[in-house]
Amino acid sequence: MNTPPDSSAGPDASASPFATDLATIRERARQHIEKGAITDSYTANREVVIRLLNEALATELVCVLRYKRHYFMASGLMADSIKAEFLEHAREEEAHGDMLAERIVQLGGEPDFNPDILSKRAHAEYVEGTDLRDMVKEDLVAERIAIDSYRQMINYIGDKDTTTKRILESILAQEEEHADELSDMLDGWTGR
């Protein structure tokens, strides 16, 4: 018969689900300090994670450029309110790119900002759009691509790199918000 542990007995390290040898952790922390935040407990394939993050970075930068073009090119009766959304989304996509670049560096990689290959590495395409409604549609398509891409990255990384996973999850949440806003714009469209 199993008897539940006596909670009044005080903390017992051997009964704790997180029993650790602090001396070992302290010793390992002194080894390979040139690796910065990457310790022996990091179990993801860093090269693959860095490649995925650079693809995400390229996607974000392409989205910044597309949103900025749409911001400046938007015209017509509904343009003012939609332009404001384009500009806000461009700024948020830029912030996503900054988060991704910072994480790439933390992982010992180099963020790739090479303009010659950004559009080749990006998951979303740079589509200019022919009119305001078309711009909104193209931005929505790009957000939907980003949503699926981020979900796949999150699923691949799983619990092997919880910091990167949290970053990707926070970006995903904002991409879903962008898609929802763009979808609402299309639903409320009163004309071409």
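1. **Overall fold.** Please keep in mind that this is a predicted model. The protein chain has 6 helices and 0 strands, and along the sequence its pattern reads α-α-α-α-α-α. Of the 192 residues in the protein chain, 38% are buried.

2. E60 sits in helix α2, which covers residues 46-73. E60 is buried but takes part in no salt bridge, and R66, the nearest side chain of opposite charge, lies 8.2 Å away. Which side chains does E60 touch through polar contacts? One is H96, whose side chain makes a polar contact with the side chain of E60 at 3.3 Å. Another is Y150, with a polar contact of 2.5 Å between its side chain and that of E60.

3. **Salt bridges in general.** When the charged atoms of oppositely charged side chains come close, those side chains can pair. How many salt bridges does the structure hold? The count is 8, and the next points go through some of them.

4. **E128 with R69.** These two side chains form a salt bridge, with an N to O distance of 3.4 Å. E128 belongs to the loop between α4 (118-121) and α5, while R69 belongs to helix α2, so this pair ties together parts that lie 59 residues apart in sequence. E128 counts as partly exposed because its relative accessibility is 37%. R69 is partly exposed too, with a relative accessible area of 28%.

5. A salt bridge of 2.9 Å, N to O, brings together the side chains of R103 and D161. R103 is in helix α3 and D161 is in the loop between α5 and α6, so the pair links parts that are 58 residues apart in sequence. Are these two residues buried or exposed? Both R103 and D161 are buried. D161 has a further partner: its side chain makes a polar contact of 2.7 Å with the side chain of T164. T164 lies in helix α6, and T164 counts as buried because its relative accessibility is 1%, where buried means under 20%.

6. **D112 with R121.** The side chains of D112 and R121 meet in a salt bridge at 2.6 Å, N to O. D112 is partly exposed, at a relative accessible area of 24%. R121 has 17% relative accessibility and so counts as buried.

7. D148 itself lies in helix α5, residues 132-157. With 45% relative accessibility, D148 counts as partly exposed. The C-alpha atom of D148 is 9.9 Å from that of H123, and the two residues are 25 residues apart along the chain.

8. **A negative patch on the surface.** E88, E177, D180, D184 and D187 gather on the surface as a patch of negative charge. Which helix gives the largest share of this patch? Helix α6, residues 162-187, supplies 4 residues, the largest share. E177 is in helix α6, and its 41% relative accessibility makes E177 partly exposed.

9. **A fully covered leucine.** L100 is found in helix α3, which runs over residues 79-106. Is L100 buried or exposed? L100 is buried, because its relative accessible area is 0%. The C-alpha atoms of L100 and L53 are 6.1 Å apart, although the two residues are separated by 47 residues along the chain.

10. **Where I would look in the viewer.** For a charged residue that is buried without a salt bridge, go to E60. For a salt bridge in which both residues are buried, go to R103 and D161. For negative charge on the surface, turn to the patch that includes E177 and D180.

How values were computed: Residues are numbered from 1 along each chain as its sequence is written. This is a predicted model: local features need pLDDT of at least 70, side-chain atom pairs count only at pLDDT 80 or more; totals for chains, interfaces and linings use all residues. Side-chain values use heavy atoms; hydrogens and water are left out. Patches are made of residues with over 30% relative accessible area and no salt bridge: like charges are joined within 9 Å, nonpolar side chains (Val, Leu, Ile, Met, Phe, Trp, Tyr) within 5 Å. Accessible areas come from the Shrake-Rupley method with a 1.4 Å probe; for residues, only the protein chains shown count as cover. A salt bridge is a side-chain nitrogen of Lys or Arg within 4 Å of a carboxyl oxygen of Asp or Glu. Lys and Arg count as positive and Asp and Glu as negative; His and the chain ends are not counted. The place of a charge is taken as NZ of Lys, CZ of Arg, CG of Asp or CD of Glu. Helices (H or I, at least four residues) and strands (E, at least two) are DSSP runs, numbered from the N terminus. Buried means under 20% relative accessible area, exposed over 50%, partly exposed in between (1.4 Å probe, protein chains only). A polar contact is a pair of N or O atoms within 3.5 Å; within protein, one must be able to donate a hydrogen and the other to accept it, and residues adjacent in sequence count only if both atoms are side-chain atoms.
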